[in-house]
Amino acid sequence: APPPGETSRLSFAFTGVRARMEGLLAGHMAEVLFLGMVTSAFTNWMQTIGQRSVSATSAAAIYALDPLWCCLFAYAALGEVLGKLGLCGCGVLVVVWLCQLANALRDGAGR
């Protein structure tokens with residue numbers, strides 16, 4: 001059994017979290033549903049379908065570009081801009097992806 005007072009602290013913490021969560025979600029259920037259905041469920045479903053037509057190596061390379069796609073969509077949708085370090089990171093990702101693509105094409109692994 002928990003020591004005296006420990007249960008009340010825990011229930012107080014959960015009550016605070018619940019109240020905060022309800023406050024954040026109030027009036028934003030459409031956004032929450034969109035995020036859950038489109039950005040999570042739909043993308044995972046499309047990923048499963050897409051993996052049927054590419055090799056495991058190509059799929060891994062595509063998934064490794066996820067941060068790059070996030071940056072591109074953030075730029076297009078929100079006007080966000082990367083700094084020098086972020087641009088260098090994107091450049092490294094693209095170079096690695098191009099090397100993998102060249103190897104896959106050379107080996108015939110890129111179905």
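Predicted model: local features only at pLDDT ≥ 70, side-chain atom pairs only at ≥ 80, totals over all residues.
Local features require pLDDT of at least 70 and side-chain atom pairs count only at pLDDT 80 or more, while totals for chains, interfaces and linings use all residues. Residues are numbered from 1 along each chain as its sequence is written, and side-chain values use heavy atoms, with hydrogens and water left out.

A pocket is taken, on a 1 Å grid over the protein atoms alone, as an open set of points where a 1.4 Å probe fits, with protein on both sides within 12 Å along at least five of seven lines; lining residues have an atom within 4 Å of a point. The largest pocket has a volume of about 600 Å³ (the space filled by probe spheres set on the points, which are joined across faces, edges and corners). Its lining comprises 15 residues, of which Thr43, Gln47, Tyr63, Asp66 and Trp69 are the closest to the centre. Two or more lining residues come from each of α2 (29-50), α3 (56-64) and α4 (66-78), helices being DSSP runs of H or I with at least four residues, numbered from the N terminus. The greatest contribution is that of α2, with six residues. By class, the lining holds eight nonpolar, six polar and one charged residue (nonpolar: Ala, Val, Leu, Ile, Met, Phe, Trp, Tyr, Cys and Pro; charged: Asp, Glu, Lys and Arg; polar: the others, Gly among them).

The second largest pocket has a volume of about 180 Å³. Leu68, Cys71, Leu72, Ala74, Tyr75, Glu80, Val81, Leu82, Leu87 and Cys90 line this pocket. Here α4 and α5 (84-107) are the elements that give two or more residues, and α4 supplies the largest share, five residues. Nine residues of this lining are nonpolar, none is polar and one is charged.
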